[in-house]
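Dear colleague,

Please find below the structure that I am handing over to you.

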Amino acid sequence: NISAYWLGFLMADVHVRRSYGYGQAALELHLGRKYLAHLRAFRRFIQSTHKVEYHANACRLSVRSNRIIEALSKYGLKFDGVREPIPELISNRHFWRGFIDGDGWLGIYKMGKNARVPILGAVGTERIINAFLEFAGNSTQKPSRIKRCVKPTFRVGFSFRAARKLIRILYTRHTVSLHRKQIIANRIMRE
């Protein structure tokens with residue numbers, strides 16, 4: 001479950017670089033400095049001793065490892081930017097929580113004076129968004145349409161009952177999530 005979460009998070013946020021003469025390929029994870037604890041959690045998960053680098057309001061972990069890069073490619077994360085999860089991941093809620101934590105959003109949209117509408121969505125390549133829709137369609141019975149943003153990026157969003165149901169599926173009974181999004185999910189699930 002924890003491995004699936006980190007695969008989803010990496011599908012959203014990691015940059016995979018070829019070796020270019022350095023001997024080994026590298027994965028680079030850049031996050032806002034406010035997510036330093038999450039970056040450190042990932043570093044502990046992969047048992048890395050690589051240093052976290054700090055730049056203004058960002059932090060970065062760069063890990064050179066052909067072994068890790070080969071393992072990631074078996075799950076659908078490749079050098080050329082292809083993000084196509086293997087079938088076993090498409091039905092895995094922990095994978096999608098990781099992806100939403102990396103390239104998604106959830107929140108409460110205020111409509112009028114009293115209405116509070118839960119929302120959940122994601123951005124990514126057409127392949128990964130279609131895979132998310134497959135998962136969401138199996139979970140909510142109400143898939144949403146894909147909207148093209150800037151090529152090659154697509155987004156999909158859910159609201160009302162479909163969003164609330166997906167949030168419950170993704171953000172209950174687990175051991176790892178992005179703290180900020182877990183707080184929002186908890187608030188939505190209490191309402």
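**Overall picture**

The protein contains eight helices and eight strands. Please bear in mind that this is a predicted model. Of the 191 residues in the protein, 47% are buried. Among contacts with a separation of 6 or more, 62% are between residues 24 or more positions apart. The protein exposes about 10700 Å², and carbon and sulfur atoms supply 50% of that area.

**Arginine 60**

Arginine 60 belongs to strand 4, which covers residues 58–64. Its relative accessible area is 18%, and because buried means under 20%, arginine 60 counts as buried. Two glutamates meet its side chain. The side chain of glutamate 53 makes a polar contact with that of arginine 60 at 2.7 Å, and the side chain of glutamate 28 makes another at 3.3 Å. Leaving aside residues up to four places away in sequence, arginine 60 touches Glu28, Leu29, His30, Leu39, Lys51, Val52, Glu53 and His55.

Leucine 178 sits in the loop between helix 7 (160–171) and helix 8 (179–190). With a relative accessibility of 6%, leucine 178 is buried. Not counting residues up to four places away in sequence, leucine 178 touches Tyr5, Tyr35, His38 and Asp101. Leucine 39 is 139 residues from leucine 178 in sequence, yet their C-alpha atoms are 10.0 Å apart in space.

Leucine 178 also lines the second largest pocket, together with Lys34, Tyr35, Ala37, His38, Ala41, Val176, Ser177, His179 and Arg180. Tyr35 and His38, which leucine 178 touches, are therefore part of this lining as well, because lining residues have an atom within 4 Å of a point of the pocket and both are listed there. About 160 Å³ of space lies in this pocket. Helix 2 and helix 8 each supply at least two residues of the lining, and helix 2 gives the most, with three. By class, the lining of the second largest pocket has five nonpolar, three polar and two charged residues.

**The largest pocket**

The largest pocket holds about 340 Å³ of space. It is lined by 13 residues, of which Phe45, Ile46, Ile68, Ala71 and Leu72 are the closest to its centre. Helix 1 (2–13), helix 2 and helix 3 (66–74) are the elements that give two or more residues to the lining. The lining of the largest pocket consists of 11 nonpolar residues, one polar and one charged.

**Two residues with positive phi**

Most residues other than glycine have a negative phi. Which residues depart from this pattern here? Glutamine 47 has a positive phi of about 55° although it is not a glycine. Glutamine 47 is placed in the loop between helix 2 (36–45) and strand 3 (52–55), and at 72% relative accessibility it counts as exposed. Arginine 173, likewise not a glycine, has a positive phi of about 50°. Arginine 173 lies in the loop between helix 7 and helix 8. Its relative accessibility is 70%, and because exposed means over 50%, arginine 173 counts as exposed.

Yours sincerely

Terms used. Residues numbered from 1 in each chain as written. Predicted model: local features only at pLDDT ≥ 70, side-chain atom pairs only at ≥ 80, totals over all residues. Heavy atoms only, no water. Helix = DSSP H or I, 4+ residues; strand = E, 2+ residues; numbered from the N terminus. Buried < 20%, exposed > 50% of the residue type's maximum accessible area, 1.4 Å probe, protein only. Polar contact = N/O pair within 3.5 Å; in protein donor to acceptor, adjacent residues only side chain to side chain. Contact = heavy atoms within 4.5 Å. Areas by Shrake-Rupley, 256 points an atom, 1.4 Å probe, with all protein chains shown as cover. 1 Å grid on protein atoms, 1.4 Å probe; cavity = no way out; pocket = protein on both sides within 12 Å on 5 of 7 lines; lining within 4 Å. Points joined across faces, edges and corners; volume = space filled by probe spheres on them. Nonpolar A, V, L, I, M, F, W, Y, C, P; charged D, E, K, R; others polar.
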